[in-house]
Amino acid sequence: MRHDIKPNERAFTTKEVAEELNIATPTVRKYGQILERNGYEFFKDGHRRIFVRSDIESLIALRDTDRPADDTAKDLADLQKERLEGTDDTQVAVSDTYDNSLQDPHQLKEFLLFISNELAASREMNVQLSKDISELQTTVSRLRQDHHAISSGVGNSTQKMNMKIEKMMEQQQTQYETLLQEEQEKNESLKNELQTIRNEQKEVWRSQQNFNKRIEESVNKPKGKWDWLFSLFGK
C-alpha cells in the first residue's frame with residue numbers, strides 16, 4: 001500500500017499531467033497502465049489515478065527513455081518499492097489528505113480546483129464521447145444512404161434490363177408476326193397463281209378436246225375433197 005504522500009502535497013489530474021508533460025491525455029493513461037503492469041503504484045480515487053510530483057517524474061522518465069518501456073517501468077517500480085520500504089512516514093490515505101486540506105483555506109482552494117479540473121476533464125471526455133457518437137451516427141447514416149443508393153441503383157438497373165428484354169421480345173414478336181404474315185401472303189399468292197395455271201391448263205385441255213372432236217366429226221362426215229379440211233378451221 002502506497003504511503004509516501006506528504007502533508008499538503010499537491011495532487012494532479014490526468015489532464016494537468018498531460019499539459020505539464022506536453023503529451024495527450026490518453027498517452028498519460030497509457031504510461032500509467034505500463035507502470036502499473038510492472039508493479040508501480042498510484043494513489044487512486046475510485047478508478048481514477050491521482051498523480052503527485054514523484055509520479056510525474058516517473059512519467060517523464062518513461063516518456064524520455066530509449067529503452068523498452070516495460071524495462072524502464074520495471075526499474076521505476078523497483079525504485080518506488082525501495083523508497084516506500086525506507087520511508088518512516090505514516091501512511092496517509094488520499095481521502096485523509098483531502099480531509100486535512102479542508103481545514104486550510106489555501107488547501108481548500110486547491111482541493112476545489114482539483115475537483116473542478118476533474119469535472120472539466122470529465123466534461124471534456126463526455127464532449128469527446130458525444131463527438132465520437134455523433135461521428136459514428138453520421139457514418140452509419142451515410143452507410144445506410146450508400147446502401148439505399150446501391151439498392152436503388154441495382155433496382156433501377158434490373159428494371160432497365162427487364163424493360164430492354166421486354167422491348168426485345170416485343171420486337172422479336174413483331175418480326176415473327178411480320179414474317180408469318182409475309183409467308184401467308186406468299187402462300188396465298190402461290191395458291192392463286194397455281195389456281196390460275198390450273199384454270200389455264202383446263203382451258204387448254206378443253207380447247208384441245210374441242211379441236212379433236214371437230215377433227216373426228218369432219219373425218220366421219222363425207223364431204224368434198226377439200227371441204228372437210230376447211231371445216232376444221234371454220235368455227
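1. A residue is called buried when its relative accessible area is under 20%, exposed when over 50%, and partly exposed in between (1.4 Å probe, protein chains only). By that rule, buried residues make up 21% of the 235 residues in the chain. The model is a predicted one, in which local features need pLDDT of at least 70 and side-chain atom pairs count only at pLDDT 80 or more, while totals for chains, interfaces and linings use all residues. Residues are numbered from 1 along each chain as its sequence is written, and side-chain values use heavy atoms, with hydrogens and water left out.

2. The chain has seven helices and two strands. Here helices (H or I, at least four residues) and strands (E, at least two) are DSSP runs, numbered from the N terminus. Their order along the sequence is α-α-β-β-α-α-α-α-α.

3. The accessible surface comes to about 17900 Å², and carbon and sulfur atoms account for 54% of it. Such areas come from the Shrake-Rupley method with a 1.4 Å probe; for residues, only the protein chains shown count as cover.

4. A contact means heavy atoms within 4.5 Å. Of the contacts in the chain with a separation of 6 or more, 63% are between residues 24 or more positions apart.

5. Thr-25 is in helix H2, which covers residues 25-37. Thr-25 counts as buried because its relative accessibility is 19%. Leaving aside residues up to four places away in sequence, Thr-25 touches Thr-14, Lys-15 and Ala-18.

6. Side chains of opposite charge can pair when their charged atoms come close. A salt bridge is a side-chain nitrogen of Lys or Arg within 4 Å of a carboxyl oxygen of Asp or Glu. The count by this rule is 10 salt bridges.

7. One of them joins Arg-37 and Asp-70, at 2.7 Å from N to O. This pair links distant parts of the chain, with Arg-37 in helix H2 and Asp-70 in helix H4 (residues 69-86), 33 residues apart. Arg-37 is exposed at 57% relative accessible area, whereas Asp-70 is partly exposed at 33%.

8. Glu-36 forms a salt bridge with Lys-44, with the closest N and O atoms 3.2 Å apart. Glu-36, Lys-44 and Arg-49 are linked in a network of salt bridges. Glu-36 is partly exposed at 28%, and Lys-44 is partly exposed at 39%.

9. Glu-203 and Arg-206 form a salt bridge of 2.1 Å, N to O. Both lie in helix H6 (residues 105-220), three residues apart, about one turn of the helix. Glu-203 is partly exposed at 40%, and Arg-206 is partly exposed at 42%.
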